[in-house]
Amino acid sequence: MTQTPTESEPLADCVLCGEPTEYPASTRGATYCPVCEWQEAQRTACFG
Ligand SMILES: [Zn+2]
């Protein structure tokens, strides 16, 4: 949560909308932009 992304590192694209995320391209797994991440958080909250 307190990650500070480095400016030199390329950012991964959101797997849902293709917008650039706050995560580096080296991040494993699916990456979401702030908007989609929030939406996913709301969605997954329903499934527990
Ligand atoms: Zn997105």
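Helices (H or I, at least four residues) and strands (E, at least two) are DSSP runs, numbered from the N terminus. Residues are numbered from 1 along each chain as its sequence is written. The exercises concern a predicted model, in which local features need pLDDT of at least 70 and side-chain atom pairs count only at pLDDT 80 or more, while totals for chains, interfaces and linings use all residues.

**Exercise 1.** Work out which pattern of elements the protein chain follows along its sequence, and how its strands pair.

Solution. Begin with the inventory: the protein chain has one helix and two strands, and reading along the sequence gives the pattern β-β-α. Next, take the strands, which pair if DSSP finds at least two bridges between them; β1, at residues 11-13, and β2, at residues 20-24, are joined in the antiparallel sense over two bridges. Within this pairing, Asp 13 has Pro 20 of β2 opposite it. Finally, look at the connection: six residues lie between β1 and β2, which form a hairpin, and Gly 18 in the turn has a positive phi of about 80°.

**Exercise 2.** Decide where Tyr 32 is placed and whether Tyr 32 is buried or exposed.

Solution. The first step is to locate Tyr 32, which belongs to the loop between β2 and α1. The second step is to apply the cut-offs: a residue is buried if 20 or more other C-beta atoms lie within 10 Å of its own, exposed if 12 or fewer, and partly exposed in between, with C-beta atoms placed from the backbone. Tyr 32 counts as buried because it has 21 C-beta neighbours inside 10 Å; of the 48 residues of the protein chain, 15% count as buried. The third step is to list partners, where contact means that the C-beta atoms of two residues, placed from the backbone, lie within 7 Å. Apart from neighbours within four places in sequence, Tyr 32 is in contact with residues including Cys 14, Thr 21 and Glu 37. Between the C-alpha atoms of Tyr 32 and Asp 13, 19 residues apart in sequence, the distance is 7.3 Å.

**Exercise 3.** Determine how exposed Ser 8 and Leu 11 are.

Solution. Ser 8, in the segment before β1, counts as exposed because 6 C-beta neighbours lie inside 10 Å. Leu 11, in strand β1, is partly exposed because 18 other C-beta atoms lie within 10 Å. Leaving aside neighbours within four places in sequence, the contacts of Leu 11 include Pro 20, Glu 22 and Ala 25.

**Exercise 4.** Find which element has the lowest mean pLDDT and which the highest.

Solution. Since pLDDT is the predictor's confidence in each residue, from 0 to 100, start with the protein chain, whose mean is 86, with 81% of its residues at 70 or more. Then turn to the elements: helix α1, at residues 34-47, has the lowest mean pLDDT (87), and β1 the highest (95).
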